[in-house]
Amino acid sequence: MLQLDWSAATPAAIGATHGFDPTHLSEKYAQPLAQAVEQLVANATKTGAWSRWLTLGNQPQLVAAINAYAASVKGKYQDVVLVGIGGSSLGPKALFQALRHPQWNLLSKEARGGYPRFHVVDHMDTDCLEGLWDILTPAETLFVVVSKSGTTIEPMSAMLDMMARYQAAGVDWTKHMVMVTDPVKGLFRPFAQQHNLPTFEVPDDVGGRFSVFCAVGLLPAALVGIDIAELLAGIQAIYPTVTNPDWTKNPAAQGAAVLVEAMGCGKPIHVFMPYSRQLALVADWFTQLWAESLGKATNLKGETVHVGPTPTKAVGPEDQHSQLQLLTEGPNDKVIVFVDVEKTAHTITLPTVNDDFAPMKYLTGATIHHVQAEELIGTRGSLKDSQRPTMTYTLPAVTPANVAQLLFTLEVQTALAGSLLGIDPFDQPGVEAGKKITQQNLAARQLQPV
Ligand code: PA5
């Protein structure tokens, strides 16, 4: 089971000036957190509360439908391309990196168990897109177009380009596209109906960045052979813990309390740093979740607050050689959130170092994972020595169930932090505003001769 240890953020570890006192946090947050948890659970089935993501651990029918679809297309395609952006791509990317072979796309089809290669178009970079098309064969490619709103300009552009290329190649694109979108709203739903495309839903009241455990994340995962039932079993296993109103027994509540308290104590920068290459993209996913959910101009009372933490992403040990100097000696305005993994699937043991290389002898017989674990301990130690608060989520291993527990716990942590801050963590007016301006400008441009 996932664990959170924030003892390295307490006065006992780093002194009273920078540490967060558990007794003080208890007095300040125990009751609001208990209320926030109860409210969140009550809202999970309430229309318009945007908390339905909390129920996504329990969807046996969706799992069956997705697995049936994935089985029906298995072996037919060499490549699957996910087209989507933000909440519609960051979760699937994180799951793919964590749970598939690190060189998946370079393996033979047999070595991939007959599953396709996997690519994501979540950008508007012409040259990267063209580069992808250099390796795709239209007749052997399936596009998974994902957009909750069904109005987003990036997936729409990539989809239009895809359709044109299929037409030019004389291949029926409608046989190469599956859509994940809102059941009713947006442009993609009627488009899918018009062209008879297979579709899956982003359910009502599940927003983009909380959508990884609906078809948005589950469909791409199943298409590359990730066990999606095990993902959801992981959520079910941790659900009672992360919905425990007693904050001392709830890692999501503890994470929320420490990080919200930190924001009020001059530490608004939250560095998310997995010590695992496989979990590097979880940092990207978390960055969006934390930033877009908590960065708000107004609170629930309608007052102007301009509140929000600044998440940054790092990965260990690489960023020891990039960001650690700043984290250790720069402004003490950050909390570093590590993710540790206890066990790897493989073991690499370093060979015996002979006397010719005496200075390297201390590595003799160590496993690479053990060396990395010591690096995390060293990094945490150096941060402790310079009074920098850290906390650590620990996963027993990178498995579907454990990764799901990490993501789900972070979702609950985010919702609870939003509640403590008195803001709505489920809207994103700042993002919508930018989308609208772009669309208006492009529409106006269309009316002008170019
Ligand atoms: O979390 C969110 O709501 C956003 O980041 C969206 O996921 C992003 O803007 C993409 O939107 P859509 O899925 O509607 O295309």
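How far is an oxygen atom of the ligand from an N or O atom in the side chain of Glu292? The distance is 2.9 Å in this predicted model.

View 1. Glu292 brings a side-chain N or O atom to 2.9 Å from a ligand oxygen. The side chain of Gln288 also takes part: one of its N or O atoms lies 2.5 Å from an oxygen atom of the ligand. For Ser147, the distance from a side-chain N or O atom to a ligand oxygen is 2.6 Å. On its own, the ligand has 380 Å² of accessible area, and the protein covers 92% of that.

**View 2. The shell around the ligand.** The ligand is surrounded by 14 residues. Ser88, Ser147, Ser149, Thr152 and Gln288 are the closest. By class, the shell holds 9 polar, 4 charged and 1 nonpolar.

**View 3. The pocket.** Where does the ligand sit? The second largest pocket holds the ligand.

**View 4. The two domains.** Domain 1 is built from two segments, 3-43 and 231-423. Domain 2 spans 52-229. Taken over C-alpha atoms, the centres of domain 1 and domain 2 are 30 Å apart. Domain 1 gives 32 residues to the contact, and domain 2 gives 26 residues.

Definitions and conventions: Residues are numbered from 1 along each chain as its sequence is written. This is a predicted model: local features need pLDDT of at least 70, side-chain atom pairs count only at pLDDT 80 or more; totals for chains, interfaces and linings use all residues. Side-chain values use heavy atoms; hydrogens and water are left out. A residue is near a molecule or strand if one of its heavy atoms lies within 4 Å of it. A polar contact is a pair of N or O atoms within 3.5 Å; within protein, one must be able to donate a hydrogen and the other to accept it, and residues adjacent in sequence count only if both atoms are side-chain atoms. Accessible areas come from the Shrake-Rupley method with a 1.4 Å probe; for residues, only the protein chains shown count as cover. On a 1 Å grid over the protein atoms alone, a cavity is a set of points where a 1.4 Å probe fits but cannot get out, and a pocket is an open set with protein on both sides within 12 Å along at least five of seven lines; lining residues have an atom within 4 Å of a point. A molecule sits in a cavity or pocket if more than half of its atoms lie within 2 Å of its grid points. Ala, Val, Leu, Ile, Met, Phe, Trp, Tyr, Cys and Pro count as nonpolar, Asp, Glu, Lys and Arg as charged, and the others, Gly among them, as polar. Domain bounds come from an automatic or database domain assignment. Contact means heavy atoms within 4.5 Å.
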